[in-house]
Amino acid sequence: QFGRSLLGIEGEADYLHLLGAANSGAIRYPAGGSGFFNGAFKLNQFVISSYADADWLMMLRPRLGLTANNWLFYVTGGLALTKVQGQLLFTDGNARGAVLGAFQEANIDAFRAGYAFGGGVETGLTDRLSLKAEYLRVQFGDVVGHQVSSNFLSGFTPPSPQNFTQSMKLSANLVRLG
C-alpha cells in the first residue's frame, strides 16, 4: 500500500570522467580499388575519428515520488551542465607507403547545458541513513566544432578560406548506488 507522495529538489556537483571515442577505420574510396590521383601510392582510403570528454557534471533536478512502508520510489529530471572538450579529425591517404593526402581537424571546448532524467528507489536503514539505487540518462545534444587546421589546397589566388563544420552528440547512462 502506497502512503504519501514526496516532492523535493536535488542539486549536485560530480567529478567524473566521461569519455567517448569513435574511429571509422580505413574506408576505401568507391573508385574500383584503384584510388585517386596518379603516382606510385594513390590515395585510396580515408579515416574519420573523434573523441569527446567531460570531467565534471552539475545537475539541478526535482524528485517526485511515492512512499510505501520504508521505501521511496521516485522519478527525477532537470538541468545538467558540463564542459565538453574534444577533437574531430579527417585524413585520407594510402596505408601502403604511409602516404598522407588531405588532413582536416576541428577542436571543441565549450560549456554545455543539457538535461538529465531517470528514476530510483531509496529505503531507510536507520533514522539517519538510507540506501539508494538510481538510473539517470544525461544528454547534451549536438556539439559543433569548426575547422582549426587543414592542408586542403585551394586553386584560387589569393587562397580562399576552407570552412568545415562537424558535430557530435554527448550523452551518458549513469547507474549510481548511494
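## A buried glutamine

Let's start with Q104, which sits in strand β5 (strands, E, of at least two residues, are DSSP runs numbered from the N terminus). Q104 is buried, at 1% relative accessible area; buried means under 20%, exposed over 50% and partly exposed in between, using a 1.4 Å probe and protein chains only. The side chain of Q104 makes a 2.5 Å polar contact with that of Q166 (a pair of N or O atoms within 3.5 Å, where one must be able to donate a hydrogen and the other to accept it).

## About the model

This is a predicted model, where local features need pLDDT of at least 70 and side-chain atom pairs count only at pLDDT 80 or more, while totals for chains, interfaces and linings use all residues. Residues are numbered from 1 along each chain, and side-chain values use heavy atoms, leaving out hydrogens and water.

## Salt bridges

The structure has 11 salt bridges, each a side-chain nitrogen of Lys or Arg within 4 Å of a carboxyl oxygen of Asp or Glu. In one of them, R61 pairs with E10, with the closest N and O atoms 3.0 Å apart. R61 is in strand β3 and E10 in strand β1, so the pair links parts 51 residues apart in sequence. R61 is buried at 0% relative accessible area, and E10 is buried too, at 17%.

Then there's R176, whose salt bridge with E134 has its closest N and O atoms 2.8 Å apart. R176 belongs to strand β7 and E134 to strand β6, so this pair ties together parts 42 residues apart in sequence. R176 is partly exposed at 21%, whereas E134 is buried at 4%. Through shared partners, salt bridges join E10, E12, D14, R61, R63, E122, K132, E134 and R176 into one network.

Key
Helix = DSSP H or I, 4+ residues; strand = E, 2+ residues; numbered from the N terminus.
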